[in-house]
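Have the sequence and the coordinates open side by side before reading on. The text below goes through the chain by region.

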Amino acid sequence: MAASTAAIQPGRIRILKQATGSSVDEKKLTGPVVYWMFRDQRLRDNWALIHAVDQANKGDVPVAIAFNLFDSFLGAKARQLGFMLRGLQKLHHNLQEMSPNIPFFLFQGEAVDTIPKFLKECGASILVTDFSPLREVKSWKETITERVADSVSVHEVDAHNVVPIWVASNKLEYSAKTIRSKITKLLPEYLIDFPTLVPSERKWPTPQPFIDWGKLIADVVRKGAEVPEIDWCEPGEDAAIEVLMGSKNGFLTTRLKNYSTDRNNPLKPKALSGLSPYLHFGQIAAQRCALEARKVRKQYPQAVDTFLEELIVRRELADNFCFYQPRYDSLQGAWEWARNTLMIHASDKREHTYTMQQLEKAQTADPLWNASQLEMVYYGKMHGFMRMYWAKKILEWTTGPEEALAIAIALNDKYEIDGRDPNGYVGCMWSICGVHDQGWRERPIFGKIRYMNYAGCKRKFDVDGYVAYVKRLAGESKKRKAGFLLNGKAKEVCQ
Ligand SMILES: Cc1cc2nc3c(=O)[nH]c(=O)nc-3n(C[C@H](O)[C@H](O)[C@H](O)COP(=O)(O)OP(=O)(O)OC[C@H]3O[C@@H](n4cnc5c(N)ncnc54)[C@H](O)[C@@H]3O)c2cc1C
């Protein structure tokens, strides 16, 4: 069911629960509106926040943002949690400046407990949530929807995709080809400018809660120290906009011209946008990136079209897969032809087999693969081209496709700053299980799954140059870590 508001297209909203005795357009609400922010961690260009504020203003009630910090979510470590919390700290600061009437509440624990409890305490009328296709998030929403009082409506807003996932298609799409025309047809309706966020008119009745960001960040950094933070990517909305269109090093302003020619060259990582950390944590809207990219299409038509294909079609295809295929991270989620061919070749003889530990430590006989693994471990973002090679080699070197997929996903989620994302699950499924791809010439181990090898990479780019580049990256990172430990030790001695 869709709700209608002046500010936001009805198709962007799904009513997960309608409060008893209320109508969707009810003007007068009895209690506040709460936006449970999860995937779209930004104030600008956020349809879920726009909708929450709009509902509150229409109902003449206050609105709050609530965020739940899980004790553990898909194994996130210091790298991912530090980036997220530092981004949220900035968001909190900006919110206090821009919209002091909207408080930010941060809860710790399980959202299925904290969110219903908060709604009850503040007597909320509407819970607004953003959208994620991941099964954990779907299941929390189901539980929360069951647990909240009958007087609370629950609205889900797709603030992540340019075309809302359920509008783009009502079924599991086979490939980019099958979803492209559906999305393209809907762009005139959905790829539109964002309305300005109308400030909340009513003040929250209780004082703004104090959040000790320093302590929270120190805690996650300590607990997740196994995968330390990265320092080349500044978190937060302002930094994201700078990466998109800043005058110094912005993608659209200074780097776009080489996107279509150099984006598959791992030695030229700057040819890529570098937006995936921000898109993953929702610190920037894909819709904003697309709107700004369109403005420079006259100058760089090919680069912009290629970028929009990745940003909209491929990214939203990944969300489509996870939304409609519950087994999005399992061999069972692959198409039948792919499952069959992989099973026929599952016991083919492997030249090398490695354990998860050997792979994690980059101890294979292939220096190119080792370099890509180290790029991920130390830098936190493996080049997009190498991700395909990296995952396909795991299929070649493990005992079968199920193990390969499990290892690829585990490593991707542990080390990538943009990991634990539908793009990651689908990237691994594409590489290992042929999802969204077609069958190719049959060969050992891979069967009909597309194959990639070292010789092919050598023809495409300077493999030795890439290995040397990653060695430098890893060396710099180790030096920084040693400096950090030394400083830490020095501090301990001085205390
Ligand atoms: C094995 C494997 C694992 C991957 N893991 C992840 C992951 O964990 N998180 C993640 O965001 N992406 C993942 N990708 C997709 C892609 O490699 C990254 O999105 C990209 O490298 C991010 O860098 P960028 O933003 O600079 O890329 P750009 O080329 O500048 O792309 C811009 C944006 O378009 C989207 N995009 C680009 N390529 C793809 C793609 N193939 N599929 C879907 N969307 C795409 C992303 O949102 C990206 O941020 C994976 C791909 C593979 C093959």
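What follows takes the domains, then the sheet, then the ligand shell, and ends with a few single residues.

The model is a predicted one. Its chain is divided into domain 1 (1-160), domain 2 (161-192 + 235-324) and domain 3 (331-477).

Begin with the sheet. Six strands make up an open sheet, and their order across it is E1-E6-E5-E2-E3-E4, with mixed pairing. Strand E1 (13-17) and strand E4 (104-108) are the edge strands; each has a single partner, so one side of each has no neighbour in the sheet. From one strand to the next the twist averages 25 degrees.

Strand E2 (33-37) can be followed through its partners. It pairs with E3 in the parallel sense over five bridges, and Met37 is placed opposite Phe67 in E3. E2 also runs parallel to E5, joined to it by four bridges; here Tyr35 is opposite Val128 of E5. Strand E5 (residues 126-130) is in turn joined to strand E6 (residues 153-157) by five bridges, again with the two strands parallel. Asp130 is opposite Val157 in E6.

How much of E2 is buried? Five of its five residues are. In a regular strand, side chains alternate between the two faces of the sheet. In E2, Val33, Tyr35 and Met37 belong to one side and Val34 and Trp36 to the other, and all of them are buried, which leaves both faces of the strand covered.

Helices lie against this sheet. Helix H3 (residues 111-122) packs on it and touches E2, strand E3 (63-69), E4 and E5; the direction of H3 makes about 155 degrees with that of E3. Helix H4 (residues 135-147) lies across E1, E5 and E6, and runs at about 55 degrees to E1.

Beyond E2, the loop between that strand and helix H1 (47-59) holds Asp45. Phi of Asp45 is near 55 degrees, a positive value in a residue other than glycine. Asp45 counts as buried because 23 other C-beta atoms lie within 10 Å, where 20 or more are required.

Now turn to the other two domains. The centres of domain 2 and domain 3, taken over C-alpha atoms, are separated by 24 Å. In the contact between them, 17 residues of domain 2 meet 19 residues of domain 3. On the domain 2 side, H11 and H13 each supply at least two of the residues that touch domain 3, and H13 gives the most, with six. That side of domain 2 divides into ten nonpolar, five polar and two charged residues.

In total, 28 residues surround the ligand, and the closest are Ser273, Gly384, Asn423, Gly424 and Gly427. Helix H11 (276-280), helix H13 (301-324), helix H17 (384-397) and helix H19 (422-433) are the elements that each give two or more residues to this shell.

H19 contributes the largest share of the shell, six residues. This helix is mostly covered, with twelve of its twelve residues buried. Among those buried residues are Asn423, Gly424 and Gly427, which are also among the closest to the ligand. The cover over the buried residues of H19 includes H13, helix H14 (336-344), H17 and helix H18 (401-415). Just after H19, Gly434 takes a positive phi of about 65 degrees.

Two further residues complete the tour. Ala362, in the loop between helix H15 (356-360) and helix H16 (367-379), has a positive phi of about 55 degrees although it is not a glycine. Ala362 is partly exposed because 19 other C-beta atoms lie within 10 Å, and a buried residue needs 20 or more.

Lys481 has its place in helix H21 (residues 463-494). Is Lys481 buried or exposed? Lys481 counts as exposed because it has 12 C-beta neighbours inside 10 Å, and 12 or fewer is the limit for that class. Lys481 and Thr20 are 461 residues apart along the chain, and their C-alpha atoms are separated by 56 Å.

Technical notes:
Residues are numbered from 1 along each chain as its sequence is written. This is a predicted model: local features need pLDDT of at least 70, side-chain atom pairs count only at pLDDT 80 or more; totals for chains, interfaces and linings use all residues. A residue is near a molecule or strand if its C-beta atom, placed from the backbone, lies within 6 Å of it. Two strands pair if DSSP finds at least two bridges between them. Axes are lines fitted to C-alpha atoms, for helices over the stretch in contact, and angles run from 0 to 180 degrees between N-to-C directions. Two residues are in contact if their C-beta atoms, placed from the backbone, lie within 7 Å. Domain bounds come from an automatic or database domain assignment. Ala, Val, Leu, Ile, Met, Phe, Trp, Tyr, Cys and Pro count as nonpolar, Asp, Glu, Lys and Arg as charged, and the others, Gly among them, as polar.
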